[in-house]
Amino acid sequence: GKTDVYLAAARDVTAKGGGVIYLVPEISLTHQVVRVFAAVFGERLAVLHSALTPSQRLREWLRVLDGEVDVVIGARSAVFAPFARLGLVVIDEEQEGAYKSGSAPRYHARQVAMWRAAHEGGVVLMGSATPSLEAWHHMREGTIAPLTMGERISGGRMPTVEVVDMRRSPGPLSGRLLEEIARTRAMGRQAILFLNRRGFAYVFHCRSCGYAATCEHCSVSLTYHRDRGRLVCHYCGFSTPPERQCPECGSLDVGWSGLGTEGIEEALAAAFPDLVVRRVDTDSVRERSALREALEDFRRGRVHVLLGTQMVAKGLDFPGVRLVGIVNADTGAWMPDFRAAERTFSLLVQVSGRAGRSVPDGLVLIQTLRPDSPAITLAREGRLEEFYARELDARRDLGFPPFTRLIRLVLRGKEKEAVAGAADGLAGPLAAAAGVSAEVLGPAECPIARISGNWRSHLIVRCRAFGPAHEAVGRTLEAWRQPAGVHVEVDVDPLSLL
């Protein structure tokens, strides 16, 4: 539905001589959009994203610069497309964290788009079934104009959503989910299973003493990948063969728990030998062509069940899908981050939206160990207004965005004591420079204390008046003598505090 609105707006803008940038959060979504837009704009369409080779990116960039392109489609970095006259920037799935760069420069495509539109006379059109809390707040304040789509234009209706309590379930797939997978296959329809964990199992441990295998370089557990026969760190890439006995107590009773997509794929094969299952995650589709092929096979009905991580969670439109199963709704809910409930709610609503898009019989099953969690119950019942009201009240009381702005300073280095000492040494001058304009929180060890062999501490500057706080941080860092071996990363408006 949203794509038709974007297409109509793009035709209107290009007819008046303006350029259009269409942003999607995942590279996997570009080919679906390109297929729709190419039918209208043909050769006047360009694609820009990081999966292109440098020469391909340069060629597309020069086409835009030379005025040969009306519409650019791409991921985050496409927001910089050099249109001489920018008329429209579309930001689809506006709430997605992928629009924020994780390395310097740590820009957010939404902020860049708004800056360009303000300075170049264009319009920013954002779309989402679950807007970010910031966008929702600004809609309520009147600084962003809200536009609402009340129904599915393709003829479907919102699916039936059920919560499955997994506290007494003996395995990762409940009897209810297995029953509906069988029923869906018997109807000649398709299913999508979502699990935001790749690998076979994400905890390899000793059942005798409780030892868990962790990365040598990061403060995270290792994930077991059975197809590679290795334990792998998803932060730094370190890998090692699994232990045959516990290195701490010598017990032979070692194994894994918490299945990832690879483990669920094996469980499905055991339960339904004749079912064609395609797994879609960064391990199984390393090449972009492999992902495109997998999605196309699913669209044509050659695949019965599409199993994947966030690649299958949003933006995809498959008319044959009746069933969506969320294998574990709790994977992100335990994160020590003030956005955890918002992310959980958004993901559940987004994944649920893949079911019953053309035929009004969609079913969503949400498996969880926390069936009474507000994020889960409100997502199940589609009570967006209530969820946003609760979250905004909590953010207001706790002094978090959108009622304040944050600047996060992360100090990292190989020596733990040096990093902690540097953080302590920076905190005083920073607080003095900020004065009454901002509050300095910390220093404290980051929730993930070590990544790639670097120990990490952080300071958070919280403010309501952004300008003075931003200036104070800049002055402090200019005057501060950075210790040898300690690096500082500055993140304005961080999306994660891990």
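At what angle do helix H9 and helix H11 pack, and how far apart are their axes? The angle is about 170°, and the axes lie 11 Å apart. This is a predicted model.

**Helix H11 and its two partners**

Two packed helices are described by the angle between their axes and the distance between the axes. Helix H9 covers residues 340–352, and helix H11 covers residues 384–398. Angles over 145 degrees count as roughly antiparallel, so H9 is roughly antiparallel to H11. From H9, the contact takes Ala 341, Glu 342 and Phe 345. From H11, it takes Leu 384, Phe 387, Glu 391 and Arg 395. By class, these residues are 4 nonpolar and 3 charged, with no polar residue.

Helix H5 also packs on H11, at an angle of about 95° and with the axes 11 Å apart. Angles of 65 to 115 degrees count as roughly perpendicular, so H5 is roughly perpendicular to H11. H5 brings Leu 133, Trp 136, His 137 and Arg 140 to this contact. H11 answers with Glu 385, Tyr 388, Glu 391, Leu 392 and Arg 395. The residues divide into 4 nonpolar, 1 polar and 4 charged. Glu 391 and Arg 395 of H11 take part in the contact with H9 and also in the contact with H5.

| Helix pair | Angle | Axis distance |
|---|---|---|
| H9 and H11 | about 170° | 11 Å |
| H5 and H11 | about 95° | 11 Å |

**A stacked ring pair**

The model holds 9 aromatic pairs. One of them joins Trp 136 and Tyr 388, with ring centres 4.2 Å apart and planes at 15°. Planes under 30 degrees apart count as stacked, so this pair is stacked. Trp 136 sits in helix H5 (residues 133–141), and Tyr 388 sits in helix H11.

**The cavity**

How many cavities of 30 Å³ or more does the model have? The count is 1. The largest cavity has a volume of about 40 Å³. Its lining consists of Ile 181, Thr 184, Arg 185, Arg 189, Gln 190, Ala 191, Leu 275, His 304 and Val 305. Helix H6 (175–186) and strand S7 (190–194) are the elements that give two or more residues to this lining. H6 gives the most, with 3 residues. By class, the lining has 4 nonpolar, 3 polar and 2 charged residues.

Definitions and conventions: Residues are numbered from 1 along each chain as its sequence is written. This is a predicted model: local features need pLDDT of at least 70, side-chain atom pairs count only at pLDDT 80 or more; totals for chains, interfaces and linings use all residues. Side-chain values use heavy atoms; hydrogens and water are left out. On a 1 Å grid over the protein atoms alone, a cavity is a set of points where a 1.4 Å probe fits but cannot get out, and a pocket is an open set with protein on both sides within 12 Å along at least five of seven lines; lining residues have an atom within 4 Å of a point. Grid points are joined across faces, edges and corners, and a volume is the space filled by probe spheres set on the points. Helices (H or I, at least four residues) and strands (E, at least two) are DSSP runs, numbered from the N terminus. Ala, Val, Leu, Ile, Met, Phe, Trp, Tyr, Cys and Pro count as nonpolar, Asp, Glu, Lys and Arg as charged, and the others, Gly among them, as polar. Axes are lines fitted to C-alpha atoms, for helices over the stretch in contact, and angles run from 0 to 180 degrees between N-to-C directions. Angles under 35 degrees count as roughly parallel, over 145 as roughly antiparallel, 65 to 115 as roughly perpendicular and the rest as oblique. Contact means heavy atoms within 4.5 Å. Rings of Phe, Tyr and Trp (its six-membered ring) pair if their centres lie within 6.5 Å; planes under 30 degrees apart count as stacked, over 60 as edge-to-face and the rest as tilted.
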